[in-house]
Number of protein chains: 2
Amino acid sequence: MKPNFSLRLRVFNLNCWGIPYLSKHRADRMKRLGDFLNMESFDLALLEEVWSEQDFQYLRQKLLPTYPAAHYFRSGIIGSGLCVFSKHPIQEFTQHIFTVNGYPYMIHHGDWFCGKAVGLLVLQLSGLVLNAYVTHLHAEYNRQKDIYLAHRVAQAWELAHFIHHTSKKADMVLLCGDLNLHPKDLGYRLLKEWTGLHDAYLETRDFKGSEEGCTMVPGNCYVNQKELERFPCGIRIDYVLYKAVSGLYISCKTLKTTTGQDPHSGSPLSDHEALMATLCVRHSPPQHNPSSTQGPAESSPLISVLRETLTELNLAVAQACWWATFAGYGIGLGLLLLAVLCVLAAGGGFREAAILLWSPSVGLTLGAGAVYIFHMQEAKGLCKARAELQHVLGRTREAQDLGPESQPALFLGHQEGDRAEDQ
Amino acid sequence: MKPNFSLRLRVFNLNCWGIPYLSKHRADRMKRLGDFLNMESFDLALLEEVWSEQDFQYLRQKLLPTYPAAHYFRSGIIGSGLCVFSKHPIQEFTQHIFTVNGYPYMIHHGDWFCGKAVGLLVLQLSGLVLNAYVTHLHAEYNRQKDIYLAHRVAQAWELAHFIHHTSKKADMVLLCGDLNLHPKDLGYRLLKEWTGLHDAYLETRDFKGSEEGCTMVPGNCYVNQKELERFPCGIRIDYVLYKAVSGLYISCKTLKTTTGQDPHSGSPLSDHEALMATLCVRHSPPQHNPSSTQGPAESSPLISVLRETLTELNLAVAQACWWATFAGYGIGLGLLLLAVLCVLAAGGGFREAAILLWSPSVGLTLGAGAVYIFHMQEAKGLCKARAELQHVLGRTREAQDLGPESQPALFLGHQEGDRAEDQ
């Protein structure tokens, strides 16, 4: 790479609000989105909530001349809703489906059926490897009484862990998506601390768009105003995050958001605002490298956020186990009822009542069985995240105790330490 | 690394057959396994089918002085059954749960409930990064009419893909486990071709153990002889596989298997045979490097195996969609029945019959709904694997058409190409 090397990367991110039959003006918005993307000709367009594969196929056809590469990440029952359009060839892709993702009996929320995930694209740009991630975490339906908090935190952990394990060879990492996390939320802090990613909104000196960088704003006619009544400016839950290995320096030259309106026609593209970032990648000597991850060097905030996450996961594991035990009693009761009904039916007494009660008893047993299975799976998923987190916490503490010299050995995955060996 | 550098790695792998209440002499076998592992003091012991976490905790306590590091991979409802004991500190770990893994209504087979997975451990040995993977793929219950073939092939693909994406920075890759694949099976070929892993049994010049390296042998008293009636020597389904980056050379100095008996007391440790490999890692100039992955250089066998896998996945996707459609009709029928019964009950005629048929109709609707959900998820999982595979197939063809010079650029993930740039 030449010393005066420079790479400009224009990135677009939007939660498209593409729920078939439910989202308003979907076809029109998809058409306008396609026109806009074609006109702007970004390097990468990362989209969430493209729930219908037909919409993806429509966009694919429409965007083919400008974005020859595209991928739709399939998962769960409905799908992850994630897709990507790229001006550059996609070298590789893969995805990780989050282990915990809401509750199947919360049908009206629907997240469980989506199979929320993180998608990874590997691209090669000017000889550099870019790992671009697109994701959409579990929605927040009630901030005051958020029953999905632990699931979203566990997803943020899995997202960070997936990035950590798959980006060790990457020169640049880009994460775009709807995190459903406010900038002070635990999941956001955990993700930033563990991956060392930088928030384009906080880093850029040239921001144009909605107040405080919000990506759901009251001025958007598709937004449910009730959801934002406690946030008069709106909320910032969609992000462009990035980092580079040491020796490289990424800066966010400009960041724009839409402001509740289509940049051209006036009508919004979605209920979320789009993010448009211009990133500039440059060669940088390791000593002047404010953009690269600091890894565990600043381990105190990391330890603090890991501890906070651990407390959250402990509570969630206990709750999942409680529900599994409760459902276990339900199964027991159902089986007992069935046995009693069999005896009654065989004995001749209360035969009619026994026959009538047979089906509800079978229903109780099967229903409780399903609840048991689900919450056992939830508990195992949360335990898995907790074990990974405990391990990282232990090693971060060791790294802190041993001082900065020993850190590369303790944190194999952190690019800062790894790359230093290469150079 | 010094030119005369040498690293010896002693590895143990066993499918422990540790099903609570069902596996014979489980407690005694776990005790003897612990004694054996303590006595032999391997670098790494990778175990499968440790279904009970109590068994893991028992082994952990017993092995603590010899193997200070250990991890149990939790997943699914029962668990993955995977665990590992290491003489060396574990730097990092993570896991990937396979997207497709049997059918929930095949309760007697139980694989769906286990949450089969691949576990990854990152270790640092003599300054080299070792990625050690442990896995257990879906069991094969009927080789003549194997309804799980596509799921196992998809798992082999996911396993290979997971290794590919997480080992880009590793110096050495080790994969141990019960693959439930015979050496000529599609899944085994796919795994080897796409990852470039070497089979310890085929590579070693010093093999001691069961005939043809079989890991389920008729001489083992716990083996169901009926399962092996078509294989008089037994079957080889458990493996130690490895590879190194260019510049390193791994050879399998010795490979031993148990032969249906405990190496000391005479009674077997499990219904599977244990594998014990001594690997030797040495510095090797890139031009004499028979151990490192050839990546896409030999792409013709890769193309052929990818095509074969694609055919298998296409069939499986069609079948999953057929079942989802069938279940969709079931839901429709159930809802229709419920509507008719409501009308009958409201009208006064056949009220008793309507009440009696109400529960079965609800049952039909819910049951068909569950089947629909499951097979839609299966279809999406298989489609995901198919899309990844199609992409790799496309790029492998491109690489072949363009000739060997262009291959590193087309295959970012293959270590051969990547490392060559570093050197």
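Predicted model: local features only at pLDDT ≥ 70, side-chain atom pairs only at ≥ 80, totals over all residues.
**Chain A as a whole**

Chain A is built from 10 helices and 13 strands. It has 423 residues, of which 59% count as buried. If you look at contacts in chain A with a separation of 6 or more, 75% of them come from residues 24 or more positions apart.

Where they meet, 14 residues of domain 1 of chain A are in contact with 11 residues of domain 2 of chain A.

The size of an interface is often given as the accessible area lost when the parts come together. For the two domains of chain A, the buried area is about 1100 Å², with 75% of it from carbon and sulfur atoms.

On the domain 1 side, helix α4 of chain A (residues 149-166) gives the most, with six residues.

**Where chain A meets chain B**

Moving on to the partner chain, 51 residues of chain A are in contact with 51 residues of chain B. The two chains bury about 4300 Å² between them, and 60% of this lies on carbon and sulfur atoms. The interface of chain A and chain B has two salt bridges and 16 residue pairs in polar contact. Several elements of chain A give two or more residues to the side that touches chain B, including β5 (90-97), β6 (117-125), α4 and α8 (351-402). Helix α8(A) provides the largest share of that side, at 14 residues.

One salt bridge between the chains pairs K168(B) with E92(A), at 2.8 Å between the closest N and O atoms. Another pairs K168(A) with E92(B), also with its closest N and O atoms 2.8 Å apart. K168(A) sits in the loop between α4 and β8 (172-178) of chain A and E92(B) in strand β5 of chain B, so this pair joins two chains. K168(A) is buried, at 7% relative accessible area, and E92(B) is buried too, at 6%.

**Salt bridges at a glance**

Side chains of opposite charge can pair when their charged atoms come close. Over all chains, the structure holds 33 salt bridges.

| Pair | N to O distance |
|---|---|
| K168(B) and E92(A) | 2.8 Å |
| K168(A) and E92(B) | 2.8 Å |
| E40(A) and R10(A) | 2.9 Å |
| R26(B) and D55(B) | 2.7 Å |

Take the pair E40(A) and R10(A), joined by a salt bridge at 2.9 Å. E40(A) belongs to helix α1 (residues 26-40) of chain A and R10(A) to strand β1 (residues 6-18) of chain A, so the bridge ties together parts that are 30 residues apart in sequence. E40(A) is partly exposed, with a relative accessible area of 25%, while R10(A) is buried at 16%.

In chain B, R26(B) and D55(B) meet in a salt bridge of 2.7 Å. Back in chain A, a network of salt bridges links E140(A), R143(A), D146(A), R152(A) and D185(A).

**A closer look at N15(B)**

Is N15(B) buried or exposed? N15(B) lies in strand β1 (residues 6-18) of chain B, and is buried because its relative accessible area is 0%, under the 20% cut-off. A polar atom of the N15(B) side chain lies 3.1 Å from the backbone nitrogen of W17(B). The N15(B) side chain also makes a polar contact of 3.3 Å with the side chain of E49(B). Leaving aside neighbours within four places in sequence, the residues in contact with N15(B) include E48(B), H136(B), D178(B), D238(B) and H272(B).

Key
Residues numbered from 1 in each chain as written. Chains lettered and ligands numbered in written order. Heavy atoms only, no water. Helix = DSSP H or I, 4+ residues; strand = E, 2+ residues; numbered from the N terminus. Buried < 20%, exposed > 50% of the residue type's maximum accessible area, 1.4 Å probe, protein only. Contact = heavy atoms within 4.5 Å. Buried area = accessible area lost by both parts, 1.4 Å probe. Salt bridge = Lys/Arg side-chain N within 4 Å of Asp/Glu carboxyl O. Polar contact = N/O pair within 3.5 Å; in protein donor to acceptor, adjacent residues only side chain to side chain.
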